[in-house]
Amino acid sequence: MTSPSTTSHRLSQRVQRDGFFQLLHAEWSKFRTVAGWVIGMTAAALTMVLFALLAGISGNQKGSPSVPIGPSGGPVTDSFYFVHQPLAGDGSITVSVSALNSSIPEGPGELRPGTVPWAKAGLIIKKGTDQGSPYAAIMVTGSHGVRMQHNYVHDTAGPVSAAAARWLRLDRSGDAITGYASTDGTNWTKVATARVSGLGSTAQIGLFVASPPAVGGGGTAGTVSTATFGDLRTPEGWAGGDWTGGQVGAKSPTFAGYPENASGSFTASDARFTVTGAGDIAPAVRDSLPTGGQLRDILTGTFAALIVVIVVGALFITEEYRNKMIHLTLAASPRRSLVLVAKAIVLWAVTFVAGLVGAILATPLGERLARGNGVYIFPVPSSTELRVELGTAALLATASVLALAVGAIFRHSAGAVTTVVVAIVLPYILIAIPFMPAAVSKGVATVTPGAAFAVQQTLVPYDQVASNYTPYYGYYPLAPWAGVAVLAGYALASLAVAAVVLSRRDA
Amino acid sequence: MSAPGIIVAGLRKRFGTTLALDGMSFAVHPGLVTGFVGPNGAGKSTTMRVVLGLDAVDEGTALIDGRPYRRLRRPLTHVGSLLDAAALHPGRSARNHLLWLAHSQGLPGRRADQVIEEVGLSSAARRKAGGYSLGMRQRLGIAAALLGDPPIIMLDEPFNGMDPEGIVWMRGFLRSLAAQGRAVLVSSHLMSELQDTADQLVAVGRGKVIADTSVTGLIEAASRNRVAVRTTVPAGATTALVRAGATVAAVGRDTITVSGIGPDRIVTLLNDSTVPFSEVSAHHATLEEAYLELTRNAVEFRAETPTEVPR
Amino acid sequence: MRLALHAEWTKIRTVASPLWLLLGTVAATVALSAGATSVVSCTSSGCGGDTTKLTLIGVDLGQALVAILAVLVISSEYNSGMIRTSLTAVPRRTTLFAAKAITVTGVVAVAGTVAVLGSVLAGRLILPDLGDQALSLDDGPTLRAASGTVLYLILIGLLSLGIATAVRDSATSIGGVLGLLYIVPIISQTISDPDWQHLLEKIAPMSAGLAIQTTTNLGSLPISPWAGLGVTAGWAAAALLAGGLLLRMRDS
């Protein structure tokens with residue numbers, strides 16, 4: 001007589017152990033048997049593809065000048081005023097910079113003196129005046145001291161000196177370019193040695209002035225700077241031809257141009273030069289290449305898909321309340337918080353898969369169409385592209401779980417959907433308000449659930465380029481996965497609250 | 001002159017591939033309780049929704065006092081109805097529910113209090129309807145039907161969820177409505193609920209009427225020439241009576257009904273066979289029996305009962 | 001019609017949620033407007049933008065609550081099945097639907113007016129004294145922006161009512177409404193082609209309708225203020241038409 005009771009005891013043990021898996025299975029069965037939800041998830045994936053198509057075909061920039069590409073493959077700004085001569089082989093060049101004055105536009109056609117922090121004046125050796133060609137330069141800047149920079153992205157700080165006259169020296173020895181700084185022209189401090197390949201046996205060498213646009217009020221304005229050089233000493237055996245002056249990259253899409261009523265020029269008398277220039281020689285950022293696309297533009301359908309998965313996520317629990325099926329669910333598994341966890345896991349997994357399929361289909365399609373239309377897209381390594389795709393899927397999945405949790409708390413679908421949509425989407429409308437201070441927009445993109453969109457960031461900010469590094473332009477204050485973690489934090493906190501109220505409340 | 005009551009003629013309606021109504025025709029007359037009976041899915045609720053102008057039909061007409069429902073002005077003063085007692089806003093009290101209905105018909109707010117009183121819901125009238133029991137919702141639904149003091153009342157399964165006390169109350173209530181001269185249509189899928197309540201029976205199956213008859217006549221017909229015999233050995237009695245040419249049916253543990261031979265002859269036969277019996281009386285059929293008898297003859301309906309045991 | 005309207009008014013005032021949603025609309029609108037105006041850095045010469053539009057920014061949020069209210073007016077009846085009771089009481093679909101639309105219009109007009117006046121008042125208190133640039137409803141463009149914003153909220157209510165009548169499920173309706181409102185302003189940020197961007201902003205209910213709030217630099221708008229509000233009205237009319245036709249055609 002003991003045997004049947006032992007068997008049933010074992011059975012109950014097995015049920016206990018497998019209980020959670022069965023719960024997951026049950027929730028999965030519930031999900032896949034409601035046609036509307038399956039259609040919703042499919043629609044979410046399709047929406048992403050559809051918006052990628054729209055993003056791909058909407059921009060037509062065929063025939064626009066090509067974006068300069070630097071030696072490392074990224075887009076660059078390569079526009080500055082260059083006073084140069086060819087230099088055959090190795091050699092050394094020295095100059096003193098006695099003044100660097102910048103002007104910032106104040107109104108249409110009006111300029112006022114001001115400081116452009118990254119205005120640059122100094123010595124440069126460059127393969128040629130071709131856009132994106134390799135270079136190395138030593139320079140004084142508006143407010144960042146002496147810098148040694150090469151090949152657009154590399155930047156080394158030199159001594160900061162308050163003295164008005166600053167001496168600069170650039171040596172070439174094969175591929176090794178060394179920059180020096182001095183306060184008196186006698187005692188030299190080495191700033192850095194850069195290895196620049198591809199300069200060729202005869203490179204262009206000379207003076208340059210660049211004046212990047214001033215950043216402010218959510219936009220940029222072209223500036224102009226004038227430097228006074230003296231004591232120009234050229235290498236021994238210098239051919240000694242005429243100095244040629246001109247604007248490099250005048251028609252480049254990454255060049256903001258001169259302010260109204262200003263232009264580049266140089267005057268020379270003996271060893272004294274006055275050079276006026278605009279532009280920059282630096283990596284391109286969103287501000288300097290406003291027509292450039294990013295992956296997040298192609299994945300703009302994420303917002304539409306987000307609303308769909310939020311609706312489905314909320315309905316996954318509120319429908320049970322509406323038709324009282326929740327009683328049956330809780331009767332079948334009285335451990336209520338486990339039910340919620342099972343629902344969350346199933347929903348997360350389903351949404352993740354739908355989102356990933358959408359992102360993986362949308363990204364290459366949109367990129368291909370956009371490039372076919374002549375749109376330049378900021379290049380990203382394939383690992384970054386994969387991170388954006390996985391991250392977008394995780395963002396959608398986590399948002400739908402947040403909707404589930406809020407739905408469980410509210411027991412009311414319309415309220416839950418609105419709360420979650422507004423919490424994630426509205427910040428994006430607010431940060432686009434032109435006169436929202438950058439600090440506020442960064443704060444919004446750090447603390448709201450919308451922080452998760454950081455995972456779609458593909459642009460790299462550069463210390464040596466002043467720009468609007470705000471979420472509106474695609475620069476988020478948080479690291480990609482940290483942004484998703486903020487959203488996940490909201491989702492987990494809401495789930496915890498939901499679990500507590502679900503356990504305490506009458507169903 | 002328009003005809004009073006409800007007249008339904010030749011309703012036909014298809015939902016996808018299912019023929020929900022297939023020529024439904026009947027009339028509901030003043031002063032009578034008409035039972036609208038049939039199995040689930042026979043088309044009762046669809047017919048009622050068509051009468052109320054909620055569903056459109058492919059063919060046929062449903063008229064209230066000679067006019068289609070959608071053309072009625074202040075329709076609740078023509079016909080009061082209860083379709084789904086659960087159809088309430090859970091956050092609104094019974095009184096406020098009746099209040100908006102009253103306002104929609106231009107009736108004063110005190111009319112709401114009157115009908116609440118009538119259905120015995122006064123104590124809960126100001127509580128949110130979300131917390132009502134099914135029985136209380138039914139009473140609220142009845143109150144809504146009575147609101148416009150209409151000459152026609154139409155109730156879909158009003159006995160659902162009622163406790164025995166409520167069922168007794170409901171029967172008396174329906175009788176009193178008919179006694180006031182109103183036409184009352186009550187649907188049900190359980191005959192026992194309509195016992196002693198309905199005057200007229202409209203039995204439907206598969207979207208059409210299979211019988212439209214008075215209840216008295218129906219029960220008489222079903223009881224006619226049948227004798228009930230109470231005995232402790234129903235098997236012995238059955239053997240004896242069948243041998244004499246009677247048709248015998250068991251109706252309870254110790255009761256059989258006999259047709260084909262009269263009561264005197266039954267007493268003689270049982271005595272001759274020494275079968276003990278305690279009572280021989282004229283059989284009074286229940287409404288359920290009468291209904292089963294009736295539907296047994298309806299070919300349409302029989303086709304619906306599964307003839308094959310699923311394997 | 002008068003009776004149906006009376007019934008709808010009784011319905012809306014005898015449950016708690018519409019009142020809370022209307023109060024929420026006012027609170028959310030004023031709070032967001034006040035929050036936005038308090039974070040911008042203004043100098044005595046101005047705030048570097050359209051202060052009227054900034055002061056009314058709260059409707060970006062407030063409209064979401066208006067949308068819920070309008071969606072629930074119809075979808076809660078479908079949810080519980082009470083729509084059948086409503087239709088037996090008022091069998092003419094158009095009458096019932098018009099009564100609902102008028103009720104929504106009325107309550108949103110009241111809440112919207114309070115919300116807009118509250119936002120303007122908050123703006124006046126928070127923004128520094130700008131002299132002749134100070135917010136004032138005596139100023140033609142500001143009055144147009146403020147009254148237009150109330151109209152905008154009403155149109156969003158009607159748009160939501162129409163969509164919810166067509167869709168019937170509250171979550172799907174509210175998702176649809178919010179998607180329609182919020183997605184275009186976001187994707188137009190990411191579309192680089194100015195022609196497409198302007199086209200999207202011209203035809204989308206939120207971008208076009210909120211052109212009514214602009215008081216400076218009208219030339220740079222993709223659509224003029226009243227024409228923009230007209231686009232939103234077109235959306236609302238189309239949604240009402242679709243909802244009304246479906247309500248008439250469908251079995252209930």
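User: Which residue is the bridge partner of B:A228 in β12(B)?

Analyst: In β12(B), B:A228 has B:T257 as its bridge partner. Strands here are DSSP runs (E, at least two residues), and helices are runs of H or I with at least four, numbered from the N terminus. This is a predicted model: local features need pLDDT of at least 70, side-chain atom pairs count only at pLDDT 80 or more, and totals for chains, interfaces and linings use all residues. Residues are numbered from 1 along each chain as its sequence is written, chains are lettered from A and ligands numbered from 1 in the order in which they are written, and side-chain values use heavy atoms, without hydrogens and water.

User: How many bridges join strand β10 and strand β12 of chain B?

Analyst: Two strands pair if DSSP finds at least two bridges between them. Strand β10 (residues 226-231) and strand β12 (residues 255-259) of chain B pair over 5 bridges, in the antiparallel sense.

User: What is the order of the open sheet of 4 strands in chain B?

Analyst: The order is β11-β12-β10-β13, with antiparallel pairing. β11 (247-250) and β13 (277-282) of chain B are the edge strands, each pairing on one side only. Neighbouring strands are turned by 25 degrees on average, direction ignored.

User: Which strands of chain B does helix α8 lie across?

Analyst: Axes are lines fitted to C-alpha atoms, for helices over the stretch in contact (heavy atoms within 4.5 Å). Angles run from 0 to 180 degrees between N-to-C directions. Helix α8 (residues 234-243) of chain B lies across β10, β11 and β12, at about 10 degrees to β12(B). Helix α9 (residues 263-272) of chain B lies across β10, β12 and β13, at about 165 degrees to β13(B).

User: What area is buried between chain C and chain B?

Analyst: Interface size is often given as the accessible area lost when the parts come together. Buried area here uses a 1.4 Å probe and is summed over both parts. Chain C and chain B bury about 2500 Å², with 59% from carbon and sulfur atoms. In chain C, C:L3, C:T88 and C:D251 lose the most area to chain B, together 22% of what that side buries.

User: Which side chains meet in a salt bridge?

Analyst: The rule asks for a side-chain nitrogen of Lys or Arg within 4 Å of a carboxyl oxygen of Asp or Glu. It finds 1 across the interface of chain C and chain B. B:K13 and C:D251 form a salt bridge at 2.6 Å, N to O.

User: How many salt bridges does the rule find between chain A and chain C?

Analyst: The rule finds 0 there. Chain A and chain C bury about 3100 Å², 75% of it on carbon and sulfur atoms.

Conventions. Buried area is the accessible area (1.4 Å probe) that two parts lose on being put together, summed over both.
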